[in-house]
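Okay, hi everyone. Today I'd like to walk you through how two parts of one protein chain meet.

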Amino acid sequence: MCPHMPIDLPIGNEKHRNMKTAEDFLRAIERRAKLFAPSATATFRANKELCSWVLDPLARWADAAYGEKAFDEAALGYAKYCLGVAQAQQIYERAGKYTPEAMPEIVAGVYEDEGYMVPYMWAAILIYAFWPSMIAHIALFRDEFLRRLPANATVLELACGHGVLSLDALRNANAGQATTYQGIISAMLAEHLPTPKPLFDSLGAQIAPQGRVFFSTALESAQRDHVFEFHRESEPLRMAEDAGLRLLRLVSDASATPPHARFQPRATAMVLQAR
Ligand SMILES: C[S@@+](CC[C@H](N)C(=O)[O-])C[C@H]1O[C@@H](n2cnc3c(N)ncnc32)[C@H](O)[C@@H]1O
């Protein structure tokens, strides 16, 4: 868990009247990431309730923690990320496989570089609400994972990044220090690992008997720090099954792809349970 943003805000005063919402992120994208605004707006309009569920609390946390400038920073991070992804996908199409740097370079140049990581993490949140391929992850996460956990469940999130999914979990569950957990979140992590098997083994070993795992990953979707190339939804599922888990629900949606592209960038999310 990394609850580094304040959770509650004063209500009934000036702050309340100016309460920020998901639409503040959208307006910032219209100002600072114009190229990506039409598609973000269309995804938002088609999924307003879900997008607001994930971004309204974030807008309040962001405003309380960083003030108005957070929205423009988030939008700039989103633009940088979307451009980087489009470029990486073109290189992938030409190369025919992911061509990542060595892990030490990725760790130093991405994960340990605040200048790279802060805009990246803003984008990592915003894509959940503004990418058509990611919004179904939020529906699955909320309705088939979070809302199916018992009250005060113990929840572990691996590689929480921005921490927003954990903060959502904190609305109904507890951050836990346990040997097994009733909920485990592993969102958009496996594709960053040279060998994902230990991740699946740890999900299988640490989930409580009736607990639920929310797992997601990218497939055929190049990015500077994507190192493990999944081609089929069956590949991560098989790894999960081999680690003693079984599937309850799966969603998978593709991003827009140019005609004749050999790869279909997409992201799959699963809710799994101990077998
Ligand atoms: C795309 S972000 C996902 C963040 C968040 N889970 C989400 O769903 O948006 C990938 C995260 O994986 C983390 N990560 C990458 N390699 C890792 C590793 N070997 N061990 C732990 N975390 C790792 C990164 O620091 C980053 O926060």
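This is a predicted model: local features need pLDDT of at least 70, side-chain atom pairs count only at pLDDT 80 or more; totals for chains, interfaces and linings use all residues.

So, between domain 1 and domain 2 the count is two salt bridges, a salt bridge being a side-chain nitrogen of Lys or Arg within 4 Å of a carboxyl oxygen of Asp or Glu.

Residues are numbered from 1 along each chain as its sequence is written, and side-chain values use heavy atoms, with hydrogens and water left out.

Where are the two domains? Domain 1 covers 14-130 and domain 2 covers 135-274; the bounds come from an automatic or database domain assignment. Their C-alpha centres lie 20 Å apart. Each domain puts 35 residues into the contact, meaning heavy atoms within 4.5 Å.

How much area is buried between domain 1 and domain 2? About 3,100 Å², with carbon and sulfur atoms giving 60% of it. Buried area here is the accessible area (1.4 Å probe) that two parts lose on being put together, summed over both. On the domain 1 side, Trp53, Tyr98 and Tyr128 lose the most area to domain 2, together 29% of what that side buries.
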